[in-house]
Amino acid sequence: MATPSGLIRALHRGTLGQNMVVDRIFSGIQPTGTPHLGNYLGAIQNWVNLQEECSSVLYSIMDMHSLTMPKEPAVLRQNILDTTAAILACGVDPKKCFLFRQSLVPEHAELAWILGCLTNVPRLLRLPQWKMKRASQNNEGTVGLLTYPVLQAADILLYKSTHVPVGEDQVLHLELAQDIAQHFNKKYGEFFPVPKAILSTTKKIKSLRDPAVKMSKSDPQKLATVNIADSPDDIVLKFRKAVTDFTSEVTYDPATRPGVSNLVSIHAAVTGLSIEEVLHQSVGLDTAHYKMVVAESVIQKFAPIRNEIKKLQEDKSHLMKVLEDGALKAKELAAPIYQEIRRLVGFQ
């Protein structure tokens with residue numbers, strides 16, 4: 001299995017750095033509190049690698065996006081701090097990237113309005129996330145829920161980002177951003193680079209209780225999701241209760257054995273081994289014993305991260321300063337770009 005850094009090096013040899021003034025990576029995460037295993041393997045681990053590979057990297061805590069689903073203000077405030085602590089504990093370094101809160105840079109929302117005026121409603125209505133999340137809001141859905149993909153496009157384009165790390169479920173939203181950039185360029189002249197995807201090499205991590213769906217913080221089954229700050233006892237319990245099947249052998253076949261295959265994917269991702277290497281090591285183990293092997297690998301991976309999260313959570317002022325300092329840098333980068341956008345559209 002290709003490593004994330006190997007993928008990044010391939011991009012540098014290919015599209016990164018060719019015919020572009022600035023290679024810039026943008027990515028964001030919603031503040032849902034301490035991230036879960038899928039967040040870490042699918043996004044944050046790649047963030048740590050990307051900050052070493054590219055000289056201009058922006059990571060945003062997407063607090064504006066989080067309002068698309070109901071949140072209590074006190075919960076949102078705490079979630080922002082907990083998410084920041086976790087990201088820092090995982091190895092994201094504010095000296096090597098801009099780490100900031102989205103709402104501290106108002107140009108995100110201002111550009112979203114301009115781009116929204118270039119986007120047709122039927123396109124937004126076809127996006128699967130709208131259909132899925134609308135169902136959770138009694139099939140009503142808010143304007144924010146419908147238009148947040150336009151805000152995502154603004155998040156990316158505000159900095160003239162050239163590359164965006166995405167999972168499979170965000171590819172359609174990046175395609176919307178690409179189309180919006182091209183529409184703007186056609187109307188106002190070449191201005192935005194059309195951002196390219198950096199696809200994660202990590203297999204999508206599934207729920208431990210229902211391997212047909214991805215792991216999620218909102219899963220009502222508490223045993224379905226492993227959080228990176230879970231205690232060793234909690235991690236052992238969740239893996240012991242993980243849904244598999246009646247075959248005891250450890251194999252990798254997502255179509256017919258999704259539960260066991262999910263465990264193999266997790267084991268490979270946290271150890272850095274390939275699927276084949278994990279299977280070779282697991283010859284002779286039944287699934288009950290293998291669950292404990294995977295649990296121990298996850299515990300070892302997250303032990304230092306969990307300890308660092310606890311330390312960082314004790315200093316809220318430090319976490320707030322990291323985000324404020326990052327926002328100042330982001331605003332400095334965004335300001336001249338947004339001023340030129342204002343000029344192009346006729347605001348000045």
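Biologist: Let's start with His173: in which helix does it lie?
Modeller: In this predicted model, His173 sits in helix H9, which covers residues 171–188.

Biologist: Does His173 count as buried or exposed, and how do you know?
Modeller: Its relative accessibility is 3%. Buried means under 20%, so His173 counts as buried.

Biologist: What is His173 in contact with, leaving aside its neighbours within four places in sequence?
Modeller: Leu127, Gln129, Tyr148, Pro149 and Gln152. Tyr148, Pro149 and Gln152 also turn up on the H8 side where H8 meets H9. Thr84, on the other hand, is 89 residues along the chain from His173, and their C-alpha atoms are separated by 24 Å.

Biologist: On to H8 and H9, then. What makes you call them roughly parallel or roughly perpendicular?
Modeller: The axes of H8 (residues 143–157) and H9 come within 9 Å and cross at roughly 65°. The roughly perpendicular range is 65 to 115 degrees, so H8 and H9 are roughly perpendicular to each other. As for handedness, the crossing is right-handed.

Biologist: Which residues of H8 meet which residues of H9?
Modeller: From H8 you have Tyr148, Pro149, Val150, Gln152, Ala153, Ile156 and Leu157; from H9, His173, Leu174, Leu176, Ala177, Ile180 and Ala181. By class, that contact has 11 nonpolar residues, two polar ones and no charged ones.

Biologist: How about H10 and H13: why roughly parallel or roughly antiparallel?
Modeller: Their axes come within 9 Å too, for H10 (residues 232–240) and H13 (residues 287–313), and they cross at roughly 150°. Angles over 145 degrees count as roughly antiparallel, so that is what H10 and H13 are to each other. H10 passes H13 in a right-handed crossing.

Biologist: Which residues meet in the contact of H10 with H13?
Modeller: Pro232, Ile235, Val236, Phe239 and Arg240 come from H10, and they meet Lys291, Met292, Val294, Ala295, Val298, Ile299 and Arg306 in H13. Sorted by class, the contact has nine nonpolar, no polar and three charged residues.

Biologist: Let's turn to the rings. How many aromatic pairs are there?
Modeller: Counting rings whose centres lie within 6.5 Å, the total is eight aromatic pairs.

Biologist: Take Phe184 and Phe191: why is the pair called what it is?
Modeller: The ring centres are 6.1 Å apart and the planes are at 45°. Stacked needs an angle under 30 degrees and edge-to-face one over 60, with the rest being tilted, so this pair is tilted. Both Phe184 and Phe191 are buried.

Biologist: And what kind of aromatic pair do Phe191 and Phe192 form?
Modeller: That one is edge-to-face, at 5.0 Å centre to centre and 75° between the planes. The cut-off for edge-to-face is over 60 degrees.

Biologist: How do you know whether Phe191 is buried or exposed?
Modeller: Phe191 has a relative accessible area of 12%.

Biologist: Which residues do the ring pairs link into a cluster?
Modeller: Phe184, Tyr188, Phe191 and Phe192.

Biologist: What about the phi of Lys160?
Modeller: Lys160 has a positive phi of about 55° although it is not a glycine. Lys160 is found in the loop between H8 and strand E4 (163–166).

Biologist: Last one: does Val283 count as buried or exposed?
Modeller: Val283 is at 68% relative accessibility. Exposed means over 50%, so Val283 counts as exposed. Its place is in the loop between H12 (275–281) and H13. Thr251 is 32 residues apart from Val283 in sequence and 9.1 Å apart in space, C-alpha to C-alpha.

Technical notes: Residues numbered from 1 in each chain as written. Predicted model: local features only at pLDDT ≥ 70, side-chain atom pairs only at ≥ 80, totals over all residues. Heavy atoms only, no water. Axes fitted to C-alpha atoms, helices over the stretch in contact; angles between N-to-C directions. Helix = DSSP H or I, 4+ residues; strand = E, 2+ residues; numbered from the N terminus. Parallel < 35°, antiparallel > 145°, perpendicular 65-115°, else oblique. Left-handed = near helix turned anticlockwise from the far one by under 90°. Contact = heavy atoms within 4.5 Å. Nonpolar A, V, L, I, M, F, W, Y, C, P; charged D, E, K, R; others polar. Phe/Tyr/Trp six-rings, centres within 6.5 Å; stacked < 30°, edge-to-face > 60°. Buried < 20%, exposed > 50% of the residue type's maximum accessible area, 1.4 Å probe, protein only.
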